[in-house]
Amino acid sequence: MRPMARTMVWLAVFLLVDSAVYMATSYEWTGGLLIASTAIAFAYVALVLRGAVRRAANEAEAAPSEQVGAVELDHVGPTIWPAGFAVAAMILVSGAVVARWLLIPGGIVFVAAAVGWARDIRHQHAHHPEADAVSPGSETPAS
């Protein structure tokens, strides 16, 4: 995260300089103030990231050095259903803009994608019962 925080700082500096140049060379102030507010937002994000990095480093130093074992977090494998949601979104937008009757097939595709994705996730978790034995954030099996 340190490179990200550093990048945010440099973007904030660039936008502040850009804001100053814009305000000095243009005849309107709105754009320059918007660029300056964006620079302030980037600086704020950089400060938050920097604080997160420091907290994580302090917690890593304070943590005991014992290695109990690796914790395997649940992970859902690749699935086609997000593409189904994208298709449903396109049909729903077309229904809202072009023809209202397209909202019905869009809703059907949306519900089908939601049901399919839920079944996919349930099927993947059914094949890995040992993943439920260790809860994320703890190193010992749950009782």
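Two aromatic pairs turn up in the structure, where rings of Phe, Tyr and Trp (its six-membered ring) pair if their centres lie within 6.5 Å. The model is a predicted one, so local features need pLDDT of at least 70 and side-chain atom pairs count only at pLDDT 80 or more, while totals for chains, interfaces and linings use all residues. Residues are numbered from 1 along each chain as its sequence is written, and side-chain values use heavy atoms, with hydrogens and water left out.

Phe 85 belongs to helix α3 and Phe 110 to helix α4, so the pair ties together parts 25 residues apart in sequence. Phe 85 also pairs with Trp 117; here the centres are 5.5 Å apart and the planes at 55 degrees, so the pair is tilted. Trp 117 lies in helix α4 as well, so this pair with Phe 85 of α3 ties together parts that are 32 residues apart in sequence.

(Buried means under 20% relative accessible area, exposed over 50%, and partly exposed in between, with a 1.4 Å probe and protein chains only.)

Stepping back, the chain has four helices and zero strands, and its elements run α-α-α-α from the N terminus on. Helices (H or I, at least four residues) and strands (E, at least two) are DSSP runs, numbered from the N terminus. Helix α4 covers residues 103-126, and its 24 residues should span 34 Å at 1.5 Å a residue, which agrees with the 34 Å between its end C-alpha atoms; the expected span is 1.5 Å times one less than the number of residues. Buried in α4 are Gly 106, Ala 113, Gly 116 and Gln 124, and what covers the buried residues there includes α3 (81-97). Across the chain, buried residues make up 17% of the 143 residues.

At the other end of the exposure scale is Trp 10, which is exposed with a relative accessible area of 58% and is found in helix α1 (residues 2-25).

Notes: Contact = heavy atoms within 4.5 Å. Phe/Tyr/Trp six-rings, centres within 6.5 Å; stacked < 30°, edge-to-face > 60°.
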